[in-house]
Structure formats: structure tokens, C-alpha cells
Amino acid sequence: MFVCSLLQYGFINTCLKSLVVEKYGEETWEKLRLQAGVQDSFLTFEVYKDEITMQLVDKACKVLGVPADIVLREFGEYFFEFCKRSGYDHMLRTLGGNLYEFIENLDALHSYLSLSYQEMNAPSFRVEKNEDGSMHLHYYSDRRGLCHIVPGIIGAAALDFFNIEISMKIVNQTEEEERTGKKEHIVFLVTQTPLFPCKERKEFSSSSQCLDLEKVKNANGDRGNSVCPVKKSHWKTLRGIITLGRGKLLRGFDPVYPKSLWIDTKTFCNGLPFHMVFDKELKVKQAGVSIQKIVPGIQTMGICLDQYFRIIHPEVPFTISSIQKFINSQFVFQTRREMMPESWKERPMLELRGQMMWMESLQCMLYLCSPLLRTLHELEERQMHIADIAPHDVTRDLILLNQQRLAEMELSNQLERKKEELRILSKHLEEEKKKTEALLYAMLPQHVANQLKEGKRVEAGEFKECTILFSDVVTFTNICAQCEPIQIVLMLNSMYLRFDRLTTVHDVYKVETIGDAYMVVGGVPVPVPTHAERVANFALGMIMAAKGVQNPVSGNPIQIRVGIHTGPVLAGVVGEKMPRYCLFGDTVNIASRMESHGVPSKIHLSSSAYQCLKYKNFEITERGEIEVKGKGKMHTYFLIRNKSATENEIMGRPMKDLDSGNESVQSFPEGKTETIPSSHQPGRVNSTHIFLLEQMNVNAIQLNVLLCSSSSYSDSTKEGPDPNYCNEVC
């Protein structure tokens, strides 16, 4: 079938993709195409290398674990259905009234398709009837290994068009050495089995007046679409005979020939300007006037035809025996350049297309042909005119219609290219959309971000219980005073990258970073009963992670303080430009106080946080009562370790990196309790801003200016955080 002829075009690869996606899923196609190293989509009229299709078929066999012959046969069956859906079913259906005629005219179909698909490389078909009703199908192709597609397509066409099942068996497989290009020659034995609809099958088996199957087949001309005879009355039979034959019972058709040919030689050669008659020795006996005009040497009768022409299709030796073997095929001749006049050698060679007819009485071959021209441009290149073609020759109409067809194909091709460009742009847009959403979700809770994207108003929500954590770097102000700004940026970035990863490990929400201050919350925006345990484990991980961050002044690991408090908050989105998800309430203030009154490398707990954790397998020590600015005396505690989790589990390290199984006893040395000024100063640079600046390739000088200007707002004399600021933290 023409699957082999269109193999170079994207139509075939698109069909193969559709088959894999439809039967095996999108994931299988993606895996297959990646292994084959080909693109995801193909343009219908674009020419691609044969290797792409062959590679796809080869990888399909390996990925699906199916032999090549089964894959190709299944592809052939699917290709037939794909062609029907693409609008080619009417063209295929009209090739013949039975399977023999259908196969016999496949070469004619390929010849027609070559008008539009000029790069197609079509196979050749030859069919022979056998006495037992079977057929021998000869398939010639210079593409090896694709012969199993043919049974799939022929079988699907036979079942759909003629209601017959066929079996095709390879009886001979050779390489035609004598043929040009050494084409593969496969001989299939085709046997047919007619099918009956269920109703007809029952009537056929139950009726005593039905004929046997062989008689029915013979009565219907072996069309494979037999119908059981129904007994008619005498008058109906008589009326049918009279109506059909006008009084004569017609059994067949016998043509009538005149005793002599009523056309003179001159009229014949002018009326059929493109024809040639040659004998067994290929000597030209007669030629039409247009061929004589195009090939002047033909005017010398008796010359050998193969001196001036070569056979392009089918690719057979230029002998009478080879031509007779393919007598039902369309033959394409091409003029030989070396035999053309010197002034014509720059022109493209003319091709003739037509049929061969053997005249037994004259022992000569008649070649009735027409110039093979696809467009007006090709007509002009050969310095020919429409007038050179006989008015009755449909080549005139084909040239004009195909000119329009090619224009439509070019328009369709452009639309496909635009469609592919839009698909790629859409894919890139989707990727950018995902990046944008990832950045948005990093700044706002997902459900809040989705509401804002839809243009909805986000109402503030009250959370009756959540756990808030604050942390900061000990002596951060002194570090800033003694270091270059870029060193501060690198230190904070290293620390926050570790902390951000821990938020994912322990599923807590990062609210804000301001300079060295880091704030997270558990139980907001999604309420969970384990909010205190999550934040406690996150805090333990922070202490461990901080040991991997170097102090740029001393070269030792940095020290952080952590404060945790549990209580109610109100949360909502503030602002339209750069909206922020903010927490409001005294719980925020107390959590900040726990951090600012904490101890280096310690996790400071309020009494409410202690109540949530005391029965949760955590080791906690009592600190006692301390004076808290703005709150008076408060009873507080220190979180030491999680007794049931290892260090690797707290840090969320991969299983392959786990130690031998010993639990990590994370304890922190008791140190001197001291109150360090808070770092919640509004002039500090947000780490999110730093990250964005890095993504924007802001250079070191710009960062220096930025950080120097921000550090000028630091107030080292301030004992603790501003209560008004801590009461509303975004």
C-alpha cells in the first residue's frame, strides 16, 4: 500500500505516533521517541528521512516486547483506519470492485499521489490469479524489512470494502538482481474467505432452497458478497426478464469490431499525439506527432526505443518480456539527456506516463501515454504549452487542478508549521507558568495564591492554635560591621537554603525572613493537630544545620537562637501590590520574645509550647522564671532533643546516607544565658530579595551598596524587638 510510498512524509510518523498513544498511552510514546531520538510531532507534508521511521519501528519492538512482523502488521491495519479518518477512504474504495482489481490498481493510485507527494518512493505491485481462486501478490520495494505492513493494510481493506477475510503467506522472498536498484521481491499467497452477516448466515443454513456456497459464489462472480437466492413467482421472473433484456435474455456482453479500421494514419497520430508502437526488438514502428516534436530522433522509424528513453517506473529492464510481466502497471518513460539536441540539454527531461497494450496480431506493443507534468512551472521549464496536449487528454485538467492542489498543500503546510510553533510556544508558556506558580507558591500559601489568581478576595482566617518559631544569628550586628556585604549575603544564603529545605522535610510554613531573622509557623495555613511537634523537629534541624554555616569573621560555625510559642493567631493577605500573607496577634509577639530572650544554640519554649510537647517523646529541661520585656515574668523551658528520631531523620537525609542505625542523641551544651539584642530591624535585607537579586545577575558592587545602606538602619543599642512591629509580622 501507499504507506511504503509515503514513508518519507510526516503523515506516516504521525500515524505511528497516533497508534502508540491510542493503544499504549502517552508515556509509552514519550519513552519510545526519546529512545529513538526523534521529535514529538511531525508535519504532514514535510519530508523526513527513512531512518526516523525505521528507528521508531525498531524501538517500538524493543519497548513493547513484540516481534517486528506483528508490530508492522498491526501498524498496517491501523494505518488503513487512519487513512479513512483522514479522508482517503473514498479514493481507496473506488480502486476496484473486488480485491483483485483493488490490488491491480494500486500502482495507478501511487502514480496519482506522486503528483502531490513529489518525493514519494513508491513500491510496485503485480497480482496473478490462480485456478483455485487464490492469488499471488508480487511486492517490489527498495525498502527492506517492511513487507509485513502489506498484509495488515490489504487485510483491513478486504474486510472493510469487500467483506472478506484473507490470509497472506510469504511463499518466496528474493532480491531482484536484474532490477534497477536491487529491489526486494516478496511473493504473497493470498487466500480469501467470504463473510456473511449473522442474519444471512442463519437464513443460508436453514433454508432448504438455498444453493450451496460454491454456486452462490459462482453466481455472484466470486465477489465475496453473496446473498441467498429468494424464490420468486413465475410472473415476477418473467417481468424481470422482459424488463432487463427488452424481450431478450442477456447473458453477457460481446463487443462488435468493424471489418477494417475507420481512421487514417494521419488522424490517428494527430488525435493521439502521445503514443508509440514498437516491436519485440524495441524498434519504433509508429509515434504520435507531439512525441516526434519533443524527441526529434523518433521521426526516424526503425530506431530502438531504449536509445531515447529509459524506464523510470516500474524499475524493470527495458525488454518486451519485462514489460509484459508488468503489463497492468503504469509505465513512466524519461527521455535520455545525451540524445537531446544541444540547445535542449539545459531543460529538465520530459517524462511520459501511460499504459502498455500488447497487440498479438501485429506482435507489437502499443504505449498510450501523456506527459507527466505536475504544475504549470514544469510545463514552462520544458517550453511546452497546454496546446501540445490533446484536448481529450485529462492531463490538461490534472495540471491545472494539481496547481491548485499544491497551493492548498503549501497553505496547509504553513498552517501546520504555525500550529507546531504555537504548540512549542504553548509548551514554553506552560513551563514558564509553572515557574511563576512555583515562585508565587513560595511567597504565598497555595490556596491563597489560587484565589488571588482567580481575582477573588481572600478573607482573613482565625486559627485557634498554632506554633510560631523565630530564629536569628547571634552577634549578627557585629558580624555585619566586620565583613564585606557580599560575605553576609553568602552566609545568609547558605543558612537559609538549609532552613528552606527543612521546611519541606517537616511540612511547616515559612512566613518571612528579615535580615538574619527567620520565621515559620505550624498549623497555618492548613490546621493540623501536630503543629507543635513539626515546629519542634524543625527547630532541632535548624540547630544542626547552622553548624554547617561558617562565620565569616571567626571562621567557626555560626550560632543561632530559636524561640517557640503556641497560641491563636489571625492570618490574612495584606496589600494588592506584592501581597503578603501575614500573621497577627499576641502569639507572634510572645514567640519573638522567646527568641530574643533565648540562649545561643538553644531552643527556648514558652509554657504553652511546653504543654503541647511534654507528652510527645521530647526531652525538655526547665529554665524557670525569667523577666520578659513587656510581658513580665514568664516560666520557660529548653527543648533538648527528640528521643524517638535520629539525626538523619530530623535532617531528612536520604536513606542511602543513613548511618548504621544508631539513634542520634542531639543534646546541646549548657551555656551561659545571655540576652542578645533582637535582629528584627526593618532595615535588614530579606533573603527572598537576595535570592531574586542573584537570579537577576545583580553584581557584587550593587549588592554592597544595597547591604551597606540597609545596615545603616541597625540599632545595636536596642535591647529587644519593637512590640508594635512584632505584633504584626508579615
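Before the helix pair, a note on geometry: axes are lines fitted to C-alpha atoms, for helices over the stretch in contact, and angles run from 0 to 180 degrees between N-to-C directions. Helices are DSSP runs (H or I, at least four residues) numbered from the N terminus. I am working with a predicted model, where local features need pLDDT of at least 70, side-chain atom pairs count only at pLDDT 80 or more, and totals for chains, interfaces and linings use all residues. Residues are numbered from 1 along each chain as its sequence is written, and side-chain values use heavy atoms, with hydrogens and water left out.

Entry one, the helix pair. I found that the axes of helix 20 (residues 485-506) and helix 21 (residues 531-546) come within 10 Å and cross at roughly 150°. The two are therefore roughly antiparallel (angles over 145 degrees count as such). I then listed contacts (heavy atoms within 4.5 Å): Arg 498, Phe 499, Leu 502, Thr 503 and His 506 in helix 20 meet residues of helix 21 including Arg 534, Phe 538 and Met 542.

Entry two, Arg 423. I located Arg 423 in helix 17 (residues 395-443). Leaving out residues up to four places away in sequence, Arg 423 touches Asp 40 and Ser 41.

Conventions:
Parallel < 35°, antiparallel > 145°, perpendicular 65-115°, else oblique.
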